[in-house]
Amino acid sequence: MTALALGAALALPAAFAYLLLGRLLGPPSRDLLAVGARLAEAILLGLGLSALLAFAWLLAGGRLGGPYAAVDAGAFVIAAAGLARAARGVRPAPSSPPDALGRAAQVALALGLVVATAAVVGGIARLPHGEWDAWAIWNLRARFLLRAGSAWRDAFVPDLAWSRPEYPLLLPLAVARLFAYAGETTAAPQLVAALFTLLAPVALAGAVARRSGPLAGGGAALLLLATPSWIWFGTCQYADVPVASYLLIGFALAGASLEAPEERGRAAMGGLALGLAGFTKNEGLAGAACAFVVWGLLAWRARGARAALRELSAVGAGAALPALAWATFHLAVSPGIAPALTQSQSAASLAAKVLDPERWTTILGHAAGVFPGVELWLPAAALALPVLLGLRPRALASVAMLAPALIFLQTIAVFLVTPLPLAWHLSSAMNRVLLHPWPALLLALFGAVPPAEAPAASAARSAAR
Amino acid sequence: MRLSPLRRSLALLVAAALGLALPAYRLFQGPRRSPAANSPGEADAVLSPLRAALPPGARLGVAVLEDPATSASDAARLYLTEYALAPAIATPVMLRDCFERGREACGLGKVGFLTLAAPEPHATQIAALLGLVPVARSGEVVLLGRRAP
């Protein structure tokens with residue numbers, strides 16, 4: 001019964017998001033990877049959209065529970081039915097079948113997902129409530145949202161300052177909504193964690209394959225699955241994998257819309273994903289801001305200021321709902337934003353920190369030591385494999401490459417001026433923060449690979465010779 | 001652009017080897033966990049029976065030996081109690097302060113209930129010294145209140 005309820009809670013918003021993506025982006029091609037990636041994007045975006053609906057319900061005075069599940073299900077069924085009527089008769093775009101290596105990459109990715117699923121399930125079995133931050137912050141808040149009824153704002157009282165009440169609410173809302181459907185069960189946060197950990201690589205594979213073919217797509221996703229901190233923080237039930245997942249989807253969609261500015265729907269869905277990253281964690285908001293800046297600059301360079309503003313407005317329109325939720329949360333529920341980091345510091349103290357070479361060395365050295373997968377040389381593999389596949393350096397001037405670079409600089413800047421003890425702050429946060437742009441970096445590097453020729457084109461060329 | 005099948009095959013082999021071997025290694029690797037990582041389940045099992053005795057909006061003290069800001073074990077005790085007994089709002093109460101400086105100074109005056117991990121008869125004796133009575137018990141933990149249920 002619990003499994004059925006959890007399945008319904010996930011399937012309904014996912015169906016709505018799938019149809020919405022189809023309406024705005026067109027249907028995916030018949031290719032298995034394209035359909036899988038679209039499903040992955042739909043499930044993750046559906047989780048975010050359903051969290052926004054639950055937040056609106058709470059703000060309107062409602063409480064999460066059985067009656068809310070009925071309202072939520074009804075809303076998504078009606079919305080999905082409306083989109084399904086409009087989508088009748090739309091045919092998927094034709095696609096050429098992948099060559100033998102492309103098919104082999106898809107098989108390898110499928111096997112990789114099976115092994116990663118076993119690793120995630122094993123990790124969750126060892127840590128059923130997640131690691132420290134999961135039960136002290138995210139799942140604690142989800143319990144409040146469910147158990148406190150109309151007094152849910154009690155979760156944000158100053159007495160609970162240690163539980164970081166200023167952190168945005170997407171993840172607790174997503175979990176509490178599953179509680180409303182299935183009752184309070186540890187399976188709910190476990191399922192959410194597993195979905196983000198396992199579906200983001202599929203979304204990555206699809207996004208890369210759209211540009212560079214299934215071999216590059218499979219390679220990028222396999223490297224993400226190979227990243228130890230990806231699986232680890234996923235099974236910890238922390239918010240970092242969800243933030244990285246939404247940033248990835250946002251960078252992929254917004255980046256693709258740069259090449260096809262007439263596809264406003266793609267830009268809007270990219271904006272939605274970036275906004276959801278911001279409503280998951282404040283670092284996600286900073287990452288989304290980096291994407292907006294880079295996206296605007298690239299569009300400006302390509303088509304001029306007026307066109308860039310017009311196109312940026314589509315991204316902004318997509319981000320509007322989660323941005324509104326974030327602003328309402330901070331204005332009406334929990335006013336502080338990163339209070340530990342925004343303590344006032346004198347200009348002299350800030351300048352001393354910024355000009356301290358030892359501080360730079362410590363921060364950069366720590367960043368190099370905890371970069372995702374560095375212990376297994378995965379960043380080197382992430383560079384070497386695209387080079388092996390014929391990487392085009394000019395294609396690296398993309399949102400997915402430049403926005404993570406900006407996120408990295410911003411991360412260094414935050415650690416440079418942090419008022420917290422540097423060694424403690426580095427050891428407790430740097431590895432998680434560096435995970436946020438990692439999938440997007442893989443997207444940028446493997447997305448800069450030229451697509452392999454389709455077998456039919458290759459055969460035609462041979463015949464012409 | 002036409003790449004040799006060898007280069008493409010090599011790239012696939014490396015990616016597949018990494019993507020399959022590393023999650024598989026993780027599967028058989030021992031647990032990476034902090035000492036408190038398994039505690040939420042235990043805290044839930046012990047403390048959740050006490051939830052029924054707590055009224056909505058209850059303010060709950062958690063008896064600790066040291067300030068949770070400086071003691072990891074007392075911080076864990078506070079956080080785990082909050083996790084298990086939410087939406088009651090848990091705050092730390094240092095018993096030593098209660099005896100040395102009085103109820104108000106230790107924060108006992110601000111809460112309606114107190115969780116105390118102590119076996120009998122010590123729990124009842126401490127409750128009497130604090131002017132509280134046992135309200136409910138689960139395992140080694142007793143919930144103290146101002147009056148009997």
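Author: Let us begin with one helix. The buried residues of helix 1 of chain B are covered by elements that include helix 4 (100-126), helix 8 (214-226), helix 9 (228-235) and helix 16 of chain A. Please note that this is a predicted model.

Reader: Which residues in helix 1 of chain B are buried?

Author: Among them are B:Arg8, B:Leu12, B:Leu18, B:Leu22 and B:Arg26. B:Gly19 and B:Pro23 are buried as well.

Reader: Where does the domain assignment place the bounds in chain B?

Author: Domain 1 covers 1-30 and domain 2 covers 35-146. Between the C-alpha centres of these two domains of chain B there are 52 Å.

Reader: How should confidence be taken into account?

Author: Where pLDDT is low, predicted coordinates should not be read in detail. Chain B has a mean pLDDT of 86, with 91% of its residues at 70 or more. Among the elements of chain B, the lowest mean, 83, belongs to helix 5 (residues 103-106), and the highest, 94, to strand 2 (residues 89-94). For the complex, the predictor gives an ipTM of 0.90 and a pTM of 0.93.

Reader: How is a pair of aromatic rings described?

Author: One gives the distance of the centres and the angle of the planes. Over all chains, the count is 14 aromatic pairs. One of them, A:Trp162 with B:Tyr79, is stacked, at 4.1 Å centre to centre and 15° between the planes. This pair crosses between chains: A:Trp162 lies in the loop between helix 5 (132-147) and helix 6 (170-182) of chain A, and B:Tyr79 in helix 3 (residues 72-85) of chain B.

Reader: Why does B:Tyr79 count as buried?

Author: Its relative accessibility is 15%, and buried means under 20%.

Reader: Why is the pair of A:Phe371 and A:Trp438 edge-to-face?

Author: The planes stand at 85°, with the ring centres 5.8 Å apart, so the pair is edge-to-face. A:Phe371, in the loop between helix 15 (357-370) and helix 16 (378-388) of chain A, is 67 residues apart from A:Trp438 in helix 19 (residues 438-447) of chain A. Both A:Phe371 and A:Trp438 are buried.

Reader: Which residue has its charged end over the ring of B:Tyr83?

Author: That residue is A:Arg143, whose charged end is 3.7 Å from the ring centre.

Methods: Residues are numbered from 1 along each chain as its sequence is written. Chains are lettered from A and ligands numbered from 1 in the order in which they are written. This is a predicted model: local features need pLDDT of at least 70, side-chain atom pairs count only at pLDDT 80 or more; totals for chains, interfaces and linings use all residues. Side-chain values use heavy atoms; hydrogens and water are left out. pLDDT is the predictor's confidence in each residue, from 0 to 100. Helices (H or I, at least four residues) and strands (E, at least two) are DSSP runs, numbered from the N terminus. Rings of Phe, Tyr and Trp (its six-membered ring) pair if their centres lie within 6.5 Å; planes under 30 degrees apart count as stacked, over 60 as edge-to-face and the rest as tilted. Buried means under 20% relative accessible area, exposed over 50%, partly exposed in between (1.4 Å probe, protein chains only). A charge sits over a ring if NZ of Lys or CZ of Arg is within 6 Å of the ring centre and within 35 degrees of the ring normal. Contact means heavy atoms within 4.5 Å. Domain bounds come from an automatic or database domain assignment.
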